[in-house]
Amino acid sequence: MSIKALKYSSFKNSIAESQVKTIDVKFLVIGGGGSGGRGGNSFSGSQGTGGGGAGGYLCGVPGEKSGTDTDATSPHTVTLGESYKVEIGAGSTSTGGGFSGQGTTTFDSIIAVPGGGGGVVGFTNSFSSGGTGASSGGGGNSHHSDRHYPGQGGKPGQVNGGSGGGGASNTTDSSNRNGIPGLSSSITGSSVERAGGGAGNIQNSNTIRSATGGGGTNGNQSGSGVAGTANYGGGGGAGGNGTGNNNRGNGGTGGSGVVILRYDKAYTCTVSAGLTASSETVDGAEKYISITAGTGTVSFG
C-alpha cells in the first residue's frame, strides 16, 4: 500500500472511531403512589376518607398516552457507552394519608413525581384535601355535610364519602368514590394498565369500591385500605370508617414506581449495582427490561 493510500485509510478509520453512535430507547417511567387516608373518628354528621393518587406516568412509546391522556413523547435518545441515572421511587408508607409518595422515579432527564395522599378526617371535625402530587392526580378528599375538599385528580366526594384517588387517565367516575383508572401500555409486548388511583370510602360501609391499574381498594368499616401494587405506582385504598373513635382502619400504602425500557435487540442494556432489574427479554425486533428498585445507572452497547 502506498504512503498516500495508508494515510487515507488511517484518516477514514479515525473519522469512524470518532463518530458518536446513538440509539432511541422507548420508555415507561412511573412515580410512587400516594397512600390512602386513615379512617376518621365518629362525630355528628357523615364522613369519608380519600384514596391515594397514582404516581406520575411518563411514556415514550409512539401511539400511546402519558399521564392525563396526553400524547406520549418521542423515545429517548441515548449515546452508546454512556451511563444514565435511574432511580425508582417508593410508594408512600404513611398509613395516615394526606402525604405524597416518598420517591421520584427518574430515567436520565425524565422525572415522574409521586402521587398525592388521600384526604383524612381528624378528631376535632377537621378535614384535609387530598395531597398534591403527580400529573396523574393527588388523592381523593374527605368532607363533612356541605364542606367539600376536592382532590387533585379524583372528583370531590359526595356527601358521606371521600373521593377516589386520581389515576393516570382523565377518566371521571360518577360515584366519585372509585379509584380513577390508570393508562395501558404495551411496552412489554402485551397491554398492561398501571398507575390507577386508590378507592375512597363511605362511613360505616362494607362496600368495596373499584380500583384498577394497581390502585388499592378501600377498607370496610374498621378495615385497612389495600396497598397499591408494587411497580405499578398505584394509590393506596382509603381506610375504613366505623362507628367509634377506635373503630377505624389505616390507609393502604402507595405502590412503588418502575422504569421499563425497550430498544433494538442488537444492543444490550447494562444495569449497575444498586438497581434491581429483570433479565432482558426479546420481543420481535426489540428487547425490553424492567427496573423495579434502587438507584444506579444504565448504559447501552
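Reader: Is Ser 290 buried or exposed?

Author: Ser 290 is buried, because its relative accessible area is 16% and the cut-off for buried is under 20%. Keep in mind that this is a predicted model. The residue sits in strand E15.

Reader: Which residues does Ser 290 touch, not counting those up to four places away in sequence?

Author: Ser 290 touches Val 259, Ile 260, Thr 276, Ala 277 and Ser 278. Strand E11 covers residues 258-264. Strand E13 covers residues 275-277.

Reader: Then take E15 as a whole. How many bridges join E11 to E15?

Author: Start with the idea. In a regular strand the side chains alternate between the two faces of the sheet. Now the case. E11 and E15 run antiparallel and are joined by 6 bridges. Leu 261 has Ile 289 of E15 as its bridge partner.

Reader: Which residue stands opposite Ser 83 in E15?

Author: Ser 299 does. Ser 83 belongs to strand E6, residues 83-87, and E6 pairs with E15 in the antiparallel sense over 5 bridges.

Reader: In the hairpin of E14 and E15, which residue takes a positive phi?

Author: Gly 284, with phi near 70°. The hairpin has 2 residues between its strands.

Reader: Phe 300 came up as a bridge partner. How do I read its ring?

Author: A pair of aromatic rings is described by the distance of the centres and the angle of the planes. The structure holds 1 aromatic pair. Its rings are those of Tyr 263 and Phe 300, with centres 5.2 Å apart and planes at 75°, so the pair is edge-to-face. The pair links distant parts of the chain, with Tyr 263 in E11 and Phe 300 in E15, 37 residues apart. Tyr 263 and Phe 300 are both buried.

Reader: Which residue lies over the face of Tyr 232?

Author: Arg 194, at 5.8 Å from the ring centre.

Reader: Now E1. Where is Val 25 placed, and is it buried or exposed?

Author: Val 25 lies in strand E1, residues 22-30. The residue is buried, because its relative accessibility is 0%. Leaving aside neighbours within four places in sequence, its contacts include Pro 75, Leu 261, Tyr 263 and Phe 300. So both rings of the edge-to-face pair, Tyr 263 and Phe 300, are in contact with Val 25. Val 25 and Pro 75 are 50 residues apart in sequence, yet their C-alpha atoms are 5.3 Å apart.

Reader: Which strands pair with E1?

Author: E5, residues 76-79, is antiparallel to E1 with 4 bridges, and Thr 22 stands opposite Thr 79. E11 is antiparallel to E1 over 5 bridges, with Phe 27 opposite Leu 261. E2, residues 57-59, is antiparallel to E1 over 3 bridges, and Ile 30 is partnered by Tyr 57.

Reader: How many disulfides does a search of the whole structure find?

Author: A disulfide is a covalent bond between the sulfur atoms of two cysteines. The search finds 0 here. Cys 59 is buried at 1% relative accessible area. Cys 269 is buried too, at 7%.

Reader: What do the overall numbers say?

Author: The protein has 1 helix and 15 strands. Of its 301 residues, 52% are buried. Among contacts with a separation of 6 or more, 56% join residues 24 or more positions apart.

Reader: What pLDDT does the protein average?

Author: The average is 80, and 72% of the residues score at least 70. Where pLDDT is low, the predicted coordinates should not be read in detail. Two stretches call for that care. Residues 123-127 stay under 50, and the model gives them 15 contacts beyond four places in sequence. Residues 142-159 also stay under 50, with 77 such contacts in the model.

How values were computed: Residues numbered from 1 in each chain as written. Heavy atoms only, no water. Buried < 20%, exposed > 50% of the residue type's maximum accessible area, 1.4 Å probe, protein only. Contact = heavy atoms within 4.5 Å. Disulfide = S-S within 2.5 Å. Pairing = 2+ DSSP bridges. pLDDT = per-residue confidence, 0-100. Phe/Tyr/Trp six-rings, centres within 6.5 Å; stacked < 30°, edge-to-face > 60°. Lys NZ or Arg CZ within 6 Å of the ring centre and 35° of its normal.
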